[in-house]
Structure formats: C-alpha cells, structure tokens
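Student: Hey, I've just opened this one and I'm new to it. Can we walk through it together?
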Amino acid sequence: MSQKSLAEIGTPVRHFTLQLSATRRGARLARLLTERQLDEWGESCDAAAQVVAELASNAVLHGRVPGRDFRLTLRLHADRTLRIEVTDARGDRAPRPPGPIAQDAEDGRGLLIVAAYAHRWGVVETAAHGKTVWAELGSSQGYSPGPDVLR
C-alpha cells in the first residue's frame, strides 16, 4: 500500500466545524445544523442527530465554563464512517461509561443513547484543560449514508 493511499483512508471526504454558545439554544442549534449539513451532503441524519443532541447537551450541562463556547465537528470519511466530535472547556469532568440506571431516574441516559448508535465512542483531552467527546457511526450502526457520499 502506498503512502498516498494511506493518507486517503484517514482523510475525511467531508468536514464541518462550528463554535456554538454553551447554552441550551447552542445545543439545539448543534442538532439542527447537523441535520442540515448531513442533508446537504445527501446523508441520512436521524442517528447522527440523536448523538449530536446528547453530546451537545452534555457539553452545555456538564462541560460549560462561563464565557467559553463548545465546538461541533462532523467528519464524513470515504469508508462511510461519520465521526462526530463535541469539544468543551471542562476536561476535569470526563463522562463515565454508561452503567445501570434506575427506571425513574431523570438523567443519565445520554451516553447510553450514544453507545446504542455509535460503533465506538470515547473522550480525549484537549488544550487548555478541555475535552473532546467523539462518536463514530457506520452504516451497520444505524447510520445510513446516502448514495452520493463521494460527490
């Protein structure tokens, strides 16, 4: 395999990134912009919109630092993997893997939803004490790429 083909594998075909206010409105906008962007790319967006809604909501509820935004990034790769990243300013508050949740619990289900849709997900530290929570969706994990993924 040549170096060029290795680079092509790891390079996203499509890329979208945006800073949003760490507010409920910003979280809602993240979901709406994800739906719009994936629609523009000719992609199905239901699973991705759910994952973005949960990750953006977590960034606003648990990762907010007054005066700091969160960042949404979408990367669509040639192998039809969609990588969703939400970066916030609170690296000291990393999410924990989902565990059992009481039926009457009012919260704690967000990462269960992410885990249900995503092929894999995780957290990485970022500069300035922040973190990025990411999830990757593939066609076999409820993400349904459109026919013109490489337009």
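Predicted model: local features only at pLDDT ≥ 70, side-chain atom pairs only at ≥ 80, totals over all residues.

Student: Are Arg83 and Glu85 buried or exposed?
Tutor: Both Arg83 and Glu85 are buried. For Glu85, the relative accessible area is 13%, and buried means under 20%, so Glu85 falls in that class.

Student: What else does the side chain of Glu85 meet in a salt bridge?
Tutor: The side chain of Arg75, at 2.9 Å from N to O. That pair links distant parts of the chain, with Arg75 in strand S2 and Glu85 in strand S3, 10 residues apart. Arg75 is partly exposed, with a relative accessible area of 24%.

Student: Which residues are linked in that network of salt bridges?
Tutor: Arg75, Arg83, Glu85, Arg120 and Glu136.

Student: And how many salt bridges does a search of the whole structure find?
Tutor: Seven. Another of the salt bridges joins the side chains of Arg31 and Glu35, at 3.3 Å from N to O.

Student: Where do Arg31 and Glu35 sit relative to each other?
Tutor: They're four residues apart in helix H2, so about one helical turn separates them. Arg31 counts as partly exposed at 27% relative accessibility, and Glu35 is partly exposed too, with a relative accessible area of 24%.

Student: Let me step back a bit. How many helices and strands are in the chain?
Tutor: Four helices and five strands. Going along the sequence, the pattern reads α-β-α-α-β-β-α-β-β.

Student: How much of the chain counts as buried?
Tutor: The chain has 151 residues, and 40% of them count as buried. As for contacts with a separation of 6 or more, 64% are between residues 24 or more positions apart.

Student: Can we look at helix H3? What does it span?
Tutor: H3 covers residues 46-62, which is 17 residues. From its first C-alpha to its last it reaches 24 Å, close to the 24 Å expected at 1.5 Å a residue.

Student: Which residues of H3 are buried?
Tutor: Among them are Ala47, Val51, Val52, Glu54, Leu55 and Val60.

Student: And what do the buried residues of H3 pack against?
Tutor: Against H2, strand S2 (70-77), strand S3 (82-88), helix H4 (110-117) and strand S5 (130-137).

Student: New topic: loops. What stands out about Arg80?
Tutor: Arg80 is in the loop between S2 and S3, and its phi is positive, about 70 degrees, although it is not a glycine. For context, most residues other than glycine have a negative phi. Arg80 counts as partly exposed at 32% relative accessibility.

Student: How far is Arg80 from Val13?
Tutor: They are 67 residues apart in sequence and 9.2 Å apart in space, C-alpha to C-alpha. Val13 lies in strand S1 (residues 12-20) and is partly exposed, with a relative accessible area of 34%.

Student: Which other residue has a positive phi although it is not a glycine?
Tutor: Ala128, at about 60 degrees. Ala128 is in the loop between strand S4 (120-126) and S5, and at 52% relative accessibility it counts as exposed.

Student: Last thing: what about the confidence?
Tutor: The chain averages a pLDDT of 82, and 77% of the residues score at least 70.

Note on methods:
Residues numbered from 1 in each chain as written. Heavy atoms only, no water. pLDDT = per-residue confidence, 0-100. Helix = DSSP H or I, 4+ residues; strand = E, 2+ residues; numbered from the N terminus. Expected span 1.5 Å × (residues − 1). Buried < 20%, exposed > 50% of the residue type's maximum accessible area, 1.4 Å probe, protein only. Contact = heavy atoms within 4.5 Å. Salt bridge = Lys/Arg side-chain N within 4 Å of Asp/Glu carboxyl O.
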